[in-house]
Amino acid sequence: MSQDLTLLCRDDQLQEGLARGFDPWAQGRDTVLALRWRGQVRVYRNLCPHLDVAMQYRKDRFMSGDGRHIVCFAHGALFQPDNGFCVLGPCQGQSLQALMVKVDVSGNVWLEEGGPRANDEAIACASMD
Ligand code: FES
């Protein structure tokens, strides 16, 4: 594998419609969220475009009650799981930051880009994990 890739998780750790948080750059908190949606692996930075805060209210709680959207629990914004587009809430029309991934033949999921943001230390975390 290229040195530009960052290991995220194993493919079988991602279940259809269930988002999980990960800390691929060892920042001490889940800086990305990943899920399988309609068979495709989707990964986003765990940052709401409204206020740049983490979105879960506790470990791995990223989905709305009906399981149809990723939700920011700070103010209830709803995002489409397939593209991160906000369809309801204060950041309606904006999007989560998607990260490109690659799944290798051994079932490892790799991030193809990204890295911790320069201001990651300043990001308030709304999670209770
Ligand atoms: S911080 Fe996410 S909706 Fe306000």
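## Sheet architecture

Two strands are taken to pair if DSSP finds at least two bridges between them. In this predicted model, an open sheet is formed by 4 strands, arranged in the order E2-E3-E4-E8 with antiparallel pairing. Strand E2 (20-22) and strand E8 (98-99) each have a single partner strand and stand at the edges, so one side of each is left without a neighbour in the sheet.

Within this sheet, strand E3 (residues 32-37) pairs with strand E4 (residues 40-45) in the antiparallel sense, over 6 bridges. Among the residues concerned, Trp37 has Gln40, in E4, as its bridge partner.

## Nonpolar core

The largest nonpolar core comprises 27 residues, and those with the most contacts inside it are Leu8, Val32, Leu33, Ala34 and Val43. At least two residues of this core come from each of strand E1 (6-10), E3, E4, strand E5 (70-71) and strand E10 (108-111). The most is given by E3, which supplies 4 residues.

Leu8 illustrates the contacts in detail. Leaving aside residues up to four places away in sequence, Leu8 touches Phe22, Pro24, Ala34, Val43, Val101, Val109, Trp110 and Leu111. Two of these partners, Ala34 and Val43, are also listed with Leu8 among the residues with the most contacts inside the core.

## Confidence of the prediction

The protein chain has a mean pLDDT of 88, with 87% of its residues reaching 70 or more. Over residues 119-129, however, the pLDDT is below 50. This stretch has 23 contacts in the model beyond near neighbours in sequence. Where pLDDT is low, the predicted coordinates should not be read in detail.

Definitions and conventions:
Residues numbered from 1 in each chain as written. Predicted model: local features only at pLDDT ≥ 70, side-chain atom pairs only at ≥ 80, totals over all residues. pLDDT = per-residue confidence, 0-100. Contact = placed C-beta atoms within 7 Å. Core = buried A, V, L, I, M, F, W, Y, C linked by C-beta atoms within 7 Å. Buried ≥ 20, exposed ≤ 12 C-beta atoms within 10 Å, placed from the backbone.
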